[in-house]
Amino acid sequence: MAGGGQVEKRVKYKSSVKDPGTPGFLRIREGMLLFVPNDPKSDSKLKVLTQNIKSQKNTKEGSNKPPWLNLTNKLGKSHIFEFENYPDMHACRDFITKALAICEEEPNKSAVSTSSEQLSIKELELRFKLLRENSELQRLHKQFVESKVLTEDEFWATRKKLLGKDSIRKSKQQVGLKSMMVSGIKPSTDGRTNRVTFNLTPEIIFQIFAEKPAVRQAFINYVPSKMTEKDFWTKYFRAEYLYSTKNTAVAAAEAAEDEELAVFLKPDEILARETRQKIRRVDPTLDMEADQGDDYTHLMDHGIQRDGTMDVVEPQNDQFRRSLLQDLNRHAAVVLEGRSIDVESEDTRIVAEALTRVKQVSKADGETTKDANLERLERMSRLAGMEDLQAPQNFPLAPLSIKDPRDYFESQQGNVLNVPRGAKGLKRNVHEAYGLLKESILEIRATGLSDPLIRPEVSFEVFSSLTRTISTAKNIIGKNPRESILDRLPKSTKDEVLHHWTSIQELLRHFWSSYPITTTYLHTKVMLLQFPNLPIPELAIFIDS
Amino acid sequence: MPAIASKQYSDDVSLLVLLLDTNPLFWSTTSITFSQFLSHVLAFLNAVLGLNQLNQVVVIATGYSSCDYIYDSSLTSNHGNFESNGTGMPAIFGSLLKKLEEFVTKDEELSKEEVSEDRIPSCLLSGSLSMALCYIQRVFRSGHLHPQPRILCLQGSPDGPEQYVAVMNSIFSAQRLMVPIDSCYIGVQNSAFLQQASYITGGVHHTPKQLDGLFQYLTTIFATDLHSRGFVQLPKPIGVDFRASCFCHKKTIDMGYICSVCLSIFCEHHKKCSTCGSVFGQSKLDDASSASDKKRKAPST
């Protein structure tokens, strides 16, 4: 074993697993790994710097495999060394591990001293994604960043918006509650015996606690002090069963017997209290009709009975009835509220306590103080004023201003500023001009139409010039005068021209943002930007014609 | 008009309303004389009437201070008992020339009254456009079978910016009626009104370079009826001069202020719009300039 900073072993070097291996010597020194083959003629001499080694793997001693050490370098290439025995391999491995550890400290230090913007892998991924999706961006990126006109950071600095938006999209989406009534579950029955089995999942428990605060309160009170969880749920489902039979007499009887069962059978006091408070807080200037359906305590005669029957109920047993509509409304209210707690725990008790806490907080927020009440009353009386009882109001009248349309036309004659000419001079001119005109008319009356009307050469000239005008106009403008010259070019040229334009825009943006030039960095940047090598698209053939 | 069997009615029956520029101030300054011009125009009208038996032509003279109908080919009183003086003048245009002479005399009388005003020597385009559109409207209401109307504006006088609003209103009415306004400009300067008129209504605008070949221009470009324009290529101008004139001074401007309520154009900042009466708020430019004034004042004191 070599001591100090060097290890030297007899090994076989394999470039891949199947390679039989070239025998030689492996010398490991600080910072470097050297493999020299025995055969001087073979060319598998290898020199690897420790900084380039990314990781190492080795075969286990207990397995039947020969002792191999697999080094992967940063480029992904792997070198496999077969040792003579395991202790050799372990020694080398330890040495390399130490060297790697030393190497790792250094890049960390150097990384901190370089640019302060440490790019996370996530950001790099985002950038690659954007480049992949937007081919125009990719072209610009290739053109500028790879030709070293702009650096990566500068390129992306103007595109923060693109990068930012994506990350927002990645934020977690909160999952809401199911709209299906999970709490109204049907048990599975065993055909032979009278047993029914209920399956409880945390989701169901959460729903039950959210919809029925009395049950939640009972759970906190009774479990684990008075009964176990299993007993609690058994009692709860017994109560549910009693509800479903609609036998209020039996329900009343059982409630009288079992105190805890009674809690489940009675109407939910907590809920009733909450609803009453909500009703009190409702602004009466709004439509009250809509709130009737929310009234938990008095919902009786309308709504769908679960089995379509309408039976008469004795008044004292009134409280043991429950209708489908009540359940549906309560469930809907809870679903719309969403998940009010973030606790996802298996433990029922924790869930119950969390829900209670949330409800208490919201209740505390909602409680109105005396001042708030007074203010509310005042606002109500202000808004609900009765018009016919109020004093007559005399609003100041604003008169209609309808302008005389003649003003519009007359104003158009308005002041006219022109090159002034002497009035008299004009008069004379006009008179002369009229005289000339009249002479012309007399002339034509006398002589008739001129003969020949038009000389053939002139006619020919006119024809050719018109033809030329029409054909050139067609080439320049095209059949559609509103078509732009850009549309007349073939697609590839048009794309090139547009890309040229966007790259010029990009360069200009960076150029002008560097002003005023205060540092040498900006100066070099400006110099670079002034003379980029932009390929100018071939437009020459289209200009001629 | 005698009843026409619908079988005889083809797609290319057209009604041409010609607006003839008789502004004496223009005609005294041109290379071509008015008589030569008239012979080109009259021959052209003959040609149009010859293209289809049912074609109609109406001529409106655009004078310096007034406009009037001079000729209507559908009136039967044109033909017959007119003394042709043994000259080469076709009898069909005898009444046209007579009426033209009367019109010029009347126009002279009118212009004598208002000559004290200084204005650009423009012709009354807005007036003749309105008269043409009224005639066309009457034709539209005459029944199912009517020729397809179009307006041809033969003008050489420059634009009068005081007529901007009226001309634009007529142009928009023509656009509504779907009547194309062709324009042949034989003057020296460019006429923005005519370019805009042709552009908006879908007509043809052309500026002939050789005035002694005017007849050729007229028959090649302006004689095509609306149906044939679907498959005949006519020369198109490359650009259109879209400048407007301001409502306060009637100057032609490219940049100005616009009232956001009624879209009236002003060349300078006003406190109130003169058309609709809405009060303008203070413009941002004013704020900026007053702020910089304050800034400049502070260090100097």
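In this predicted model, B:Ser278 is in contact (heavy atoms within 4.5 Å) with B:Cys259, B:Val261, B:Lys272 and B:Cys273, leaving aside its neighbours within four places in sequence. B:Ser278 sits in the loop between β10 (265-266) and α8 (284-300) of chain B. Its relative accessibility is 18%. B:Ser278 therefore counts as buried, a class that means under 20% relative accessible area, with exposed over 50% and partly exposed in between (1.4 Å probe, protein chains only). Helices (H or I, at least four residues) and strands (E, at least two) are DSSP runs, numbered from the N terminus.

The UniProt record annotates residues 259-276 of chain B as "zinc finger region: C4-type". UniProt positions follow the numbering used here, feature names are shortened, and annotations may be inferred rather than shown by experiment. The span is 0% helix and 11% strand. Its end C-alpha atoms lie 9 Å apart.

Helix α6 of chain B, residues 192-201, is mostly covered. Eight of its ten residues are buried. These are B:Ala192, B:Phe193, B:Leu194, B:Gln195, B:Gln196, B:Ala197, B:Ser198 and B:Thr201. Just after α6(B), B:Gly202 takes a positive phi of about 85 degrees.

Chain B as a whole has eight helices and ten strands. Of its 301 residues, 51% are buried. Among contacts in chain B with a separation of 6 or more, 66% join residues 24 or more positions apart. The accessible surface of chain B comes to about 14,300 Å² (Shrake-Rupley method, 1.4 Å probe; for residues, only the protein chains shown count as cover). Carbon and sulfur atoms hold 55% of that surface.

Chain A contains 21 helices and nine strands. Buried residues make up 30% of its 545 residues. For contacts in chain A between residues at least 6 apart in sequence, 55% join residues at least 24 apart. Chain A exposes about 37,500 Å², of which carbon and sulfur atoms supply 56%.

Residues are numbered from 1 along each chain as its sequence is written, while chains are lettered from A and ligands numbered from 1 in the order in which they are written. Local features need pLDDT of at least 70, side-chain atom pairs count only at pLDDT 80 or more, totals for chains, interfaces and linings use all residues, and side-chain values use heavy atoms, with hydrogens and water left out.
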